[in-house]
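Subject: Structure handover and findings

Hello,

Here is the structure for your files. My notes follow below it.

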Amino acid sequence: MQNLLKNGIAITGSGSAVPSTSLENEVLTKLVETSDEWITTRTGIGQRQLALPPESLTTLATDASKQAITAAGITAADIDLILLATSTPDDLFGSACRIQAELDATKAVAFDLTAACSGFLFGLVTVAQFIRTGVYQNVLLIGADILSRWVDWQDRRTCVLFGDGAGAVILQANNSDRLLGFSLKSDGTQNHHLNLAYEGTTQQVTPDIHVPTGSYHPITMNGKEVYRFALQKVPEVIDKALFEAHLTVDRIDWLILHQANQRIINAVAERLGIPKHKVISNVAHYGNTSAASIPLALDEAVRQGKIKPNDIIATSGFGAGLSWGAAIFQWGR
């Protein structure tokens with residue numbers, strides 16, 4: 001049914017950016033009781049990149065976007081919509097408009113979308129609706145996060161996991177529809193397993209009114225429950241997306257999962273029957289970059305020459321919410 005629609009979708013260019021500062025596992029052993037062997041064995045992570053001033057979410061996202069725009073062969077003036085998937089904007093009101101200004105994308109409407117580690121996937125499906133209905137022709141989709149701002153560096157359950165980065169893609173209206181299938185899911189009853197919750201103190205406005213004011217707690221996570229959730233839900237949602245695409249697993253050329261944990265990546269691939277040589281992973285170098293992780297891994301694979309035009313890619317994001325989803329698409333026009 002999707003392929004009969006007038007306006008198809010093609011992902012025509014990608015870009016990525018990471019901060020210049022690297023934090024290796026060995027440094028973390030001086031902060032908390034852990035070891036490089038423990039971190040590597042449990043997560044697959046060897047290092048992560050941390051954004052330090054003057055680096056910001058806006059600068060990283062802008063750099064990634066410029067690369068994607070160039071790769072797609074368009075200009076910033078051609079962009080109709082900028083969607084920024086992030087949970088860590090520079091401004092709580094949103095950073096997409098600032099990125100629009102930095103790019104000089106004067107025609108584009110810009111807004112943020114928050115779905116944590118599922119953000120890029122949710123953003124991809126959201127953008128697809130604008131293109132399929134003929135509203136917009138050229139869209140910049142960015143996944144970017146600076147989770148190091150919200151890490152408790154004395155919490156060994158979380159401080160070993162997260163890093164910073166940005167990835168971007170250009171989606172364009174196309175004669176054939178290259179987004180072959182998708183499935184999105186949410187379960188708010190499991191929200192308490194992974195969150196970055198508001199923490200307020202009270203400020204007296206009048207003798208009878210005390211208004212909460214404050215910031216947020218650092219990231220908290222029940223690793224065992226999130227791991228169990230991912231292993232159960234991710235293969236299932238990829239199967240649903242494949243069903244929507246009328247494809248079988250053997251048609252997949254590449255699997256790109258949210259880069260949260262190498263053990264999750266390996267286990268999902270094994271359950272789906274996808275061989276290791278089809279699995280793209282860079283979690284060892286960047287850790288969990290939340291909404292940035294899928295486009296960051298995608299862009300690296302494209303620039304390395306692994307992903308080629310017409311390759312079929314299965315991708316899945318999962319995380320806080322709890323939320324999860326999958327999409328099947330072909331690379332290029």
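How many bridges pair strand β10 with strand β11, and in which sense? There are 8 bridges, and the sense is antiparallel. Strand β10 covers residues 198–206, and strand β11 covers residues 209–216. Strands here are DSSP runs of E with at least two residues; helices are runs of H or I with at least four residues; both are numbered from the N terminus. Two strands pair if DSSP finds at least two bridges between them. A hairpin of 2 residues links β10 to β11. Y198 sits opposite Y216 in β11.

First, the ground rules. This is a predicted model: local features need pLDDT of at least 70, side-chain atom pairs count only at pLDDT 80 or more, and totals for chains, interfaces and linings use all residues. Residues are numbered from 1 along each chain as its sequence is written, and side-chain values use heavy atoms, with hydrogens and water left out.

Overall picture

The protein has 9 helices and 16 strands. Its radius of gyration is 20 Å, close to the 20 Å from the globule rule for 333 residues, so the protein is as compact as a globular protein of that length. That radius is taken over C-alpha atoms, and the rule is 2.2 Å times the number of residues to the power 0.38. Along the principal axes, the C-alpha atoms fill a box of roughly 60 × 45 × 40 Å.

Of the 333 residues, 54% count as buried. Buried means under 20% relative accessible area, exposed means over 50%, and partly exposed lies in between (1.4 Å probe, protein chains only). Take the contacts (heavy atoms within 4.5 Å) between residues at least 6 apart in sequence: 76% of them join residues at least 24 apart. The protein exposes about 14,600 Å², and carbon and sulfur atoms supply 53% of that area. The area comes from the Shrake-Rupley method with a 1.4 Å probe.

The open sheet

What is the strand order in the open sheet of 5 strands? The order is β8-β16-β15-β13-β14, with mixed pairing. The edge strands are β8 (179–186) and β14 (279–280), and each pairs on one side only. Inside the sheet, β15 (residues 312–319) and β16 (residues 323–330) pair in the antiparallel sense over 8 bridges. G317 faces G325 in β16 across that pairing.

G321 lies in the loop between β15 and β16. It is partly exposed, at 30% relative accessibility. Beyond four places in sequence, G321 contacts D187, G188, N191 and L194. G321 and A76 are 245 residues apart in sequence and 33 Å apart in space, C-alpha to C-alpha.

N282 lies in the loop between β14 and α8 (283–286). Is N282 buried or exposed? N282 counts as buried, because its relative accessibility is 4%. Not counting residues up to four places away in sequence, N282 touches Q259, L296, A297 and E300.

N288 is in the loop between α8 and α9 (293–303). N288 is buried too, at 7% relative accessibility. Leaving aside neighbours within four places in sequence, its contacts include I45, C117, L147, F162, H258 and Q259.

Best regards
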